[in-house]
Amino acid sequence: MDQLTQIILQAGRSAVELSLFILLPIMVVMLSLMRLLEARGILDWLVARLAPLLRPAGLTGLGVFAALQIHFVSFAAPVATLTMMEGRGASDRHLAATLAMVMAMAQANVTFPMAAMGLAFGPALLLSAIGGLVAAAVTFHVFGRKLSNVETTVDETLHHRVADDAKGVLDVINRAGAEAFKISVGAIPMLVLALVAVMVLRTTGGIDLLTTLLTPLLRAFDLDPALILLTLTKYIAGGTAMMGVMDELLKNGETTVATLNASAGFLIHPFDVAGVAVLISAGRRVAAVWKPAALGATVGILVRTLGHGLL
């Protein structure tokens, strides 16, 4: 019992440190910047310029906005945009393409903190954008080609706060800070549970047994055995939990920054049990197209994985 208590306390300490001293400061700065750009109309201008270029990939203006949200806010931010697309009459085919793109891209609430751990942020962002576009295009033209293409006249106006004066700017920053705090604190329970599970498995020998069984296979492909634990954590508990485990492994010298960067395409995206559950909560029609979207996302993630492996 004493050993379990020590494990819980150690996991809690690590989770709080990661959430409050790494995730929170980064998210406050990035969310404030993102919301200010949004309030000043700069994102509207960017979306208007990019939307015609990305239309052949199956993305509308709101789809482009969802891409900016997952890259610079968090994996949950596009949920509101997907709900908006469904409510405004976007076709099932466009919904599937946008959902696939979001599931295949790197989420800001993981990439920014992991940049502090050694993630090569620029290449990760570029490969994420490429993977997302591939996922959207493959879904729109291949996996989702039989979905309904019927849509009403879609209102793609982005409704958000404005910041025309000092008071407006402060209001936007305060709201962004509150949003960042909510994201950071909300990550603590999953981080604690994931780290407790990892430490218990390590203490009982479960991780050692699994590593011993799979290491020859991984070595044959020149892969780090630490990927076993990281993969299990990511696809069961989600990206934030994986980030906590990666941080712990790096601190203990059980993996390297090279492994972090090489596996980023495979591990940093919301295409896991928890992530998909959150994203399809956007609406009934969004949930109905998850299968073709998942196939497209798989292709996008494969492209990102190959890209990171070659760097």
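**Notes on the predicted model**

1. Ser 74 is buried, its relative accessible area being 6%, where buried means under 20%, exposed over 50% and partly exposed in between, with a 1.4 Å probe and protein chains only. The model is a predicted one, in which local features need pLDDT of at least 70 and side-chain atom pairs count only at pLDDT 80 or more, while totals for chains, interfaces and linings use all residues. Residues are numbered from 1 along each chain as its sequence is written, and side-chain values use heavy atoms, with hydrogens and water left out.

2. Ser 74 sits in the loop between α3 (61-72) and α4 (78-87), helices being DSSP runs of H or I with at least four residues, numbered from the N terminus. Beyond its neighbours within four places in sequence, Ser 74 is in contact (heavy atoms within 4.5 Å) with Gln 69, Ala 108, Asn 109 and Ile 183. The C-alpha atoms of Ser 74 and Pro 270 are separated by 9.7 Å, although the two residues are 196 residues apart along the chain.

3. In the largest nonpolar core, which has 77 residues, those that touch the most other members are Leu 99, Met 101, Met 103, Met 114, Leu 230, Met 242 and Ile 268; such a core is a set of buried Ala, Val, Leu, Ile, Met, Phe, Trp, Tyr and Cys residues joined through side-chain atoms within 4.5 Å. Not counting residues up to four places away in sequence, Met 114 touches Leu 119, Met 242, Met 243, Met 246, Leu 260 and Ile 268.

Terms used
Helix = DSSP H or I, 4+ residues; strand = E, 2+ residues; numbered from the N terminus.
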